[in-house]
Structure formats: C-alpha cells, structure tokens
Amino acid sequence: MTLLRATGLVKQYGHVKALNGADFEVAAGEVVALIGDNGAGKSTLVRMLSGSEQPDAGQILLDDKEVRLDTPAAARRLGIETVFQDLALAPHLDPVQNMYLGREIMRPGLLGKFGFMDKAAMRAGSRQAFEKLGATVRNLSGEVGSMSGGQKQGVAVARAAAWVSKVIFLDEPTAALGVVQTRNVLDLIRRVSDEGIGVVFISHSMPHVMEVADRVQVMRQGRRVATYAAKDTSMEQLVAAMTGAFREEAK
C-alpha cells in the first residue's frame with residue numbers, strides 16, 4: 001500500500017523551475033532510492049515532502065489523505081522524519097539533548113506541575129538508539145559541535161530512526177562515514193523498513209543504492225523520468241536515465 005505520494009509538484013525560484021510536475025511515492029516497508037544528477041530536483045522534492053518548504057502546485061497524500069506540510073514540525077507530527085545533509089543538529093548541545101530536542105521526557109512534579117527533565121531516561125534512550133545504529137558516540141555529555149563528522153552523522157540518523165513512524169528521508173546518510181559506520185547505516189535502513197516504515201534513500205553511491213533499494217526513482221530536470229525495480233536494473237541503466245541517454249516514463 002502506498003504510504004506517501006506526491007503528484008505534480010511544482011516549485012519555482014524566480015526564473016528557475018526546481019520542480020516541474022514531479023511525482024513520487026513510497027510504500028510501507030519499502031526502501032526507495034531517489035537519484036539524479038546535481039540540480040535534478042532531489043533536494044527540493046525532499047524539502048517539500050518534509051515540510052521545510054511548500055510547493056507552488058501539486059498534491060501530497062499520506063495514507064491516501066491529502067496533507068499540507070506547513071513546517072518540519074507538522075511533518076514530524078505525522079510521523080515523517082528527515083536527515084538532511086547539513087544534519088540540523090544544535091552544536092552547543094550534547095547528543096542526548098539533540099536526540100530529545102523538543103521531545104524531552106519530563107518527570108511528574110508536584111500535582112503534575114513543575115516537573116523536571118528525566119535526564120536518566122533520556123540518556124538511556126539515547127544510548128540504546130546509538131547502539132542500535134552502531135554509532136561510535138561514546139561521549140554523551142560532550143558538545144556535538146566538537147565531534148567528528150561521522151559521529152554527528154550518527155547522532156542525526158539515530159535520532160530520526162528513533163522517532164519515525166511513517167516515512168524517513170535520508171539525504172546522503174553515508175557521505176561522512178567510514179566503512180563500519182556505513183555498513184551499520186545500510187543495515188539500519190533494512191531494519192527500519194522491516195518495521196513497516198517507508199525509507200527514502202537519497203544517494204550518489206550507486207553500489208549502496210543497488211544494495212538496499214527495492215525501487216529506484218530517477219529525477220532529471222525537476223521531474224521523475226524513470227522508475228525501476230532495483231533487482232531488475234543495472235547501474236548502467238540508472239546512469240543513462242540520470243543523464244538523459246535513456247528515458248522511460250515512470251509508471
């Protein structure tokens with residue numbers, strides 16, 4: 001069953017049309033790779049579907065119901081989580097604070113009021129999320145801004161995976177990671193999809209795309225130009241669709 005669907009999305013910045021009638025869909029428990037050359041519209045599409053920006057035209061449906069994703073918070077309330085390339089972490093906060101930013105666990109206070117944050121519960125939840133990912137985040141009290149790129153990536157991916165209930169967008173999630181952490185993220189993608197979550201994997205790494213994706217949707221010049229079952233295609237076909245050497249209208 002299709003979980004999230006977009007039809008005919010249009011987004012224009014001045015004279016530049018970033019999206020030109022873009023379509024997209026992901027089913028529950030499916031891993032969809034979204035690929036395309038730089039400027040193809042991938043990041044713009046993800047911003048529309050994650051609430052960071054709104055399209056000028058088109059329709060977005062979640063569970064076959066039209067939704068308006070006015071803000072990232074609105075998308076998160078509907079169960080949509082996103083890890084952008086800039087990670088969107090608060091550098092002056094520690095990993096636990098970043099994990100629970102805006103979702104703090106509170107202890108019940110006097111008559112249900114004046115509660116304090118349950119730091120022990122949040123720390124335990126964070127540690128569990130990082131261990132599940134295999135992220136090498138050993139210092140839970142240090143500022144995220146002082147951590148390596150791989151550790152920051154681990155915090156961002158673990159946070160999204162911990163809170164998602166419908167769809168998770170991962171924009172180049174392995175770009176800053178080493179071999180072991182990359183393997184952990186690819187394994188996590190499959191574990192998350194096995195729980196019925198729709199996973200959208202944006203990547204320039206064709207081997208990673210071919211390894212984890214069920215379907216591959218190719219964007220070019222602001223619209224989807226091809227859709228392939230990953231098991232029935234090749235890297236040569238994908239590159240040809242990205243560059244315009246071969247074109248197959250998406251079904």
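Start by selecting Asp232: at 55% relative accessibility it counts as exposed, where exposed means over 50% relative accessible area, buried under 20% and partly exposed in between (1.4 Å probe, protein chains only). The side chains of Lys231 and Asp232 meet in a salt bridge, 3.3 Å from N to O; the term stands for a side-chain nitrogen of Lys or Arg within 4 Å of a carboxyl oxygen of Asp or Glu. Next, pick Glu25, Glu30, Arg215 and Arg224, which salt bridges with shared partners join into one network.

A word on what you have loaded: this is a predicted model, in which local features need pLDDT of at least 70 and side-chain atom pairs count only at pLDDT 80 or more, while totals for chains, interfaces and linings use all residues. Residues are numbered from 1 along each chain as its sequence is written, and side-chain values use heavy atoms, with hydrogens and water left out.

How many salt bridges does a search of the whole structure find? The total is 13. For one of them, select Arg103 and Glu81, whose closest N and O atoms are 2.5 Å apart. Arg103 sits in the loop between helix 3 (95-99) and helix 4 (119-133) and Glu81 in strand 6, so this pair ties together parts that are 22 residues apart in sequence. (Helices are DSSP runs of H or I with at least four residues, strands are runs of E with at least two, and both are numbered from the N terminus.) Is Glu81 buried or exposed? Glu81 is buried, at 5% relative accessibility, whereas Arg103 is partly exposed at 24%.

Now go to Asp214 and Arg190, another salt bridge, with the closest N and O atoms 2.9 Å apart. Asp214 belongs to the loop between helix 7 (206-212) and strand 9, and Arg190 to helix 6, so the pair links parts 24 residues apart in sequence. Asp214 is partly exposed at 29%, and Arg190 is partly exposed at 28%.

Colour the six strands of the open sheet, in the order 6-7-8-3-9-10, with mixed pairing; two strands pair if DSSP finds at least two bridges between them. At the edges you will find strand 6 (80-83) and strand 10 (223-229), each pairing on one side only. From one strand to the next the twist averages 20°; axes are lines fitted to C-alpha atoms, for helices over the stretch in contact, and angles run from 0 to 180 degrees between N-to-C directions.

Zoom in on strand 7 (167-171) and strand 8 (198-202), which run parallel and are joined by five bridges. Phe169 has Val200 in strand 8 as its bridge partner. Then show helix 6 (179-194), which packs on the sheet, touching strand 3 (31-35), strand 7 and strand 8; contact here means heavy atoms within 4.5 Å. The direction of helix 6 makes about 155° with that of strand 8. Helix 8 (235-243) also packs on the sheet, touching strand 3, strand 9 (215-220) and strand 10, and its direction makes about 25° with that of strand 9.

**The hairpin**

Select residues 2-13 and 16-27: these are strand 1 and strand 2, antiparallel and joined by nine bridges. Leu4 stands opposite Val26 in strand 2. Two residues lie between the strands of this hairpin, and Gly14 takes a positive phi near 65°.
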